[in-house]
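Please keep the sequence and the structure in view while reading.

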Amino acid sequence: MKAVIMAGGFGTRLRPLTTSIPKPMIPMATRPMMEHIVALLKEHGFDDLVTLLYVQPEVIERYFGDGSEFSVKMVYAAATEDYGTAGAVKNAEAFLNDTFLIISGDVLTDFDLTKAVKFHKDRGALATIVLTRVENPLQYGVVITAPDGRITHFLEKPSWSEVFSDTVNTGIYILEPEVLTLIPAGKEFDFSRDLFPRLMEEGRALYGYVATGYWKDVGDLIEYRLAHQDILAGMVKVTLPGNLVEGLDRPIWLGEGSRVDFTASLKGGVLIGRHTQVGPNAHIVRSVIGDNCVIEEGAVIVGSVLWNNVFVGPRAILKENIVGRGSEIKANARLFEGALISDQCKVGEGSVVKADVKVWPHKVVEDGAILATSLVWGQKWSRSLFGAYGVTGLANLEISPEFAAKLGACFGATLRMGAIIRTSRDCHQASHMIKRAFISGLHSAGVDVHDFRIVPIPVVRYQMGARGAVGGVHVRKSPFDPELIDIQFFDERGMDISSSWEKSIERSFFREDFRRAKVDEIGHLSLPVYDVELYQEGVLSFIDRGALRRRGFRIVIDYAYGSSSIIFPQILGRLGCEVIALNAYLDPGRITKSAEGFHRSLQQLSEIVRSLGADLGIMLDTGAEKIFIVDDNGDLLSDDLALALVALLVMRTHPPAVIGIPITASSAIEELAGDQGFRVIRTKTAPRASTEAATQEGVIFVGDDLGGFIFSQFQPVFDGMLATLKLLEMLAAQNLRLHQLIRSIPQRFRCREQIPCPLERKGGTMRALIADTADEQVELVDGVKVHLGSDSVILYPDQDRPYFHIIAEANTLARAEAHLARYREVLANCMKNGLPEIAP
C-alpha cells in the first residue's frame, strides 16, 4: 500500500534545535523521528512511500535514500513554494492512483493503521480523518462525528470558548485518489481549512476514525522532552536500539560498544546509545543519552535528552534539559529545569544556566558565569501569550520592559516596514513604562508610531485606517487585579486583532529570530495633535445635539478616575446637559477596583442620582469602553436589563434592521425584536465576536451583557462615551424616562453558576455534553445552548479560567432554578464521562 509522509515543515517552535536540521530528522530515542514513522508504516503494510520535502530536503533524502535499507520503496517530491498541506500532496498526484494514507514525519504514534484503513473501506469513505482524544484540544482541529463515524462538526484550532469536544484531528488521513481532483494545482490549499470543510458542506463521505493508542504532536521543546519520557515509561510502542538489560526499577537499553562503570546508578528507564562512556558514581535517571557521549565521574542527569557526541564533565548537574550534538558541559556546571543547549556549545566550569534559558548554536558560556537570559533576543515565556484582554501578566515581572520590547518587535515583524501603529495608555506609571518599551520594540522592527499618550480606548480605535494606521496598542493596568498589566492589540478598523494575527505574533515571539531594521530604517515617533479633537467632532456630528439641548438632561457621571475625564466633559459641555461629575480626575492608585469597591461605587452613584432627582446615572469603566447604568429612580440596572432596554430604544428609534447580542443574552430581546420588525443574530461571548458582528451588513447595534454597546455606523467597537450620548438621545427622541421603559421588557428569570473544571478537561466535557444533549434542541454557537420550549440553558467553558458557566432562563424563578440544578448534574456527569481515553 502507498503512504505519503509530510516532511516539509519548518519546525519553528523547536528552534534552535531545527536551525541546522529539518524537524523530521531530529533524534527521537537516538533515531530520527521520521525513522519511527517509516517503521510504523512498514509494520502495517505501507511499503511504497512518497515523501514530501521542502525545508533542507537533501538531509532527509541523503539519510533514507531509496528506502531499501528500511525495507520500503521511497520516492521524493520536493516543493519550490509552500502550497499548504493539501497543495503539497497535490504535487505528488502522479504517484497516487489508489487508496493512500497521509501522515506527518514528525509525530510520535503507535496507532493501528490497519484498523483505520479497514474502517475507511468498510464505510466506503472518500476521506477518513484519524482522530484521537486529548486533554488540551486548543492547538488542534476539533471534530465531532455521528455514531456511524461521519463527521458533523469541524473547527480548526479553537479558543476555549469555542471548544465543543476533546476529539481532535491527528493529521493522519486516508484518502481516495478522487479527492486530489478537488485540490487546485499551484495554489495554497489546506486539508483542515479548505478541503475537509468543503467535503462536509457538500455531503461527501467524510468520516472520522477514533484511534486508540499513543499519539503526540512533537510541536515544541517541552513536548519533545516529554515524548522521550513516554518512550522510557513504555507508553508508546517503538523499537529501541541497543540491548535490553535489567535495571534497578525499569529497563535499561545499552548500545553497542557502550560502557557503564559498575558504581554508576541508572534508574527510572535509561537509553544509552553506541560507544558511550559512563563514569564512576554518575547518576542517570529517566534520560536518553546519544552515541559517542562521555559522562564523567559524579555527573547527575535527570529527565534529560542528550544528542550524539556530548561531553558532561565531573559533578555537572543536568535536570530536565536538552543538549545538542557536540556540546560540552564542563565540570560542576549546573543546568536548571527547561534550559536548552544547542549544537556545538560550551558551558564553562562552574557556570549556571537558569531555568528555560536557550543557548543557540556555537555559543560559549564562560567559566563561573550565571546565564539568566537566552543568548538570542530574550528568555523563554509561556507558550500562549494571548488571552481575553490581549497579553496579560504581572506588572514588571511577567510583563517587564524586556518582555514588552520583544513583544513590540514581534508585533512589528508582522507588519511592513514603515507601517504606522497607534499607541496609548492609562495613567498608571507601570503602563507608561511598558508602553515606552513596547514602542522601542516597534521602532526596532522599522515601524512608525503615533503616540496618543493618555486617552480612552475608543479614541485610539477611532478611524484608525482613515488616518494611515494599520493597527494600535493600548497598555493599561488591569481593571480587575492591581498586580496585572494588559496589552491590547487593535487592527486597522480599531477592532481586536484576529486570532490568526495573534498566532503570527506568538510564532515570531517563540521563534526568537524576528526582523531587525537597519540603522537608517528604525521607526519614528510622533505625537498627533488633532486626532483627539477629530474623535470629539466625530461624536458630536453623530449625535442629534438639538434633541439633547431641548431635553436638558440632568445626569450624574462617574468617571472612575479614568482617562475619559480629560475628554468627555468637553463633549458634554457642548450639549446643554447639567452634569454632576464624580471622580473626574486621573488617579493611578484607583483605576483598579476590587469587586467590593466596584459595587460600593455603584451604590454611591445610585444614592446620588436618587438624592438629586437626576435623569440618569452612568459609571464608565476606566478605559471608557463599558457603562453601568442607574435609572431615574436611582435603581442600578442589571447587565441583562440594561442590554434589553438599550436594544429596545434602538428598535424604537431606528428603521427595522439587525442587532447582535451574545448567545448568553436573554431571549426577551428576540420577543421585542419580533414586535418591532427587527432581526436578532447571536454571537459568541468573546469581545472580538461582538465587533465582527458589528461589521456585518445591516447590523446597526451590538450589545454584550457586560455593559458594552456598539453603534456600528460610528465605529464597530465598544465605546462607553458614545453609548452614553446615544442613550440620552434615544430617551429624548421618545420623551421617556428610563424607568418607564422597564415595564415594556418581557419578564425572564435567570440563574447563573460557575463550576470549576480543569483546563485539560474542558474538551472532553464538551464532547460528552454534546453527546448527552444529542436528542434535544441545541445551538453550538458558543458552548451548548439547550432550548427547552420557551426556556433555555447554556453551558459554556470560560475562555481563560478553569470554569464552566451555566445560565438557566425561564418564565418563573422556580423553573430557572430547577433547570440550573438539573444541568449542574448533567455537567458533573459529563466531566466524569469526558475523561480522555488512555491507551492500554
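This is a predicted model: local features need pLDDT of at least 70, side-chain atom pairs count only at pLDDT 80 or more; totals for chains, interfaces and linings use all residues.

## Contacts across the chain

The secondary structure of the chain comes to 21 helices and 53 strands. The radius of gyration is 30 Å, close to the 28 Å that the globule rule gives for 840 residues, and the chain is therefore as compact as a globular protein of that length. Along its principal axes, the C-alpha trace spans about 95 × 65 × 50 Å.

## Surface and charge

Of the 840 residues in the chain, 57% count as buried, while the accessible surface comes to about 33,400 Å², with carbon and sulfur atoms contributing 49% of that area. The chain carries 88 positive and 104 negative side chains, and the centres of these two sets lie 2 Å apart.

## A sheet of seven strands

One part of the fold is an open sheet of seven strands with mixed pairing, in which the order is β34-β35-β39-β38-β36-β37-β40. The edges are formed by β34 (386-387) and β40 (525-526), and because each has a single partner strand, one side of each is left without a neighbour in the sheet. In general, strands of a sheet pair through backbone hydrogen bonds, and they may do so either parallel or antiparallel.

Strand β37, which covers residues 448-454, runs parallel to β40 and is joined to β40 by two bridges. Within this pair of strands, His450 has Ser526 of β40 as its bridge partner.

## A covered helix

Helix α1, made of residues 33-43, is mostly covered, since eight of its eleven residues are buried. The buried residues in α1 are Met33, Met34, Glu35, His36, Ile37, Val38, Leu40 and Leu41. Just after α1 comes Gly45, which takes a positive phi of about 90 degrees.

Technical notes:
Residues are numbered from 1 along each chain as its sequence is written. Side-chain values use heavy atoms; hydrogens and water are left out. Helices (H or I, at least four residues) and strands (E, at least two) are DSSP runs, numbered from the N terminus. The radius of gyration is taken over C-alpha atoms; the globule rule is 2.2 Å times the number of residues to the power 0.38. Buried means under 20% relative accessible area, exposed over 50%, partly exposed in between (1.4 Å probe, protein chains only). Accessible areas come from the Shrake-Rupley method with a 1.4 Å probe; for residues, only the protein chains shown count as cover. Lys and Arg count as positive and Asp and Glu as negative; His and the chain ends are not counted. The place of a charge is taken as NZ of Lys, CZ of Arg, CG of Asp or CD of Glu. Two strands pair if DSSP finds at least two bridges between them.
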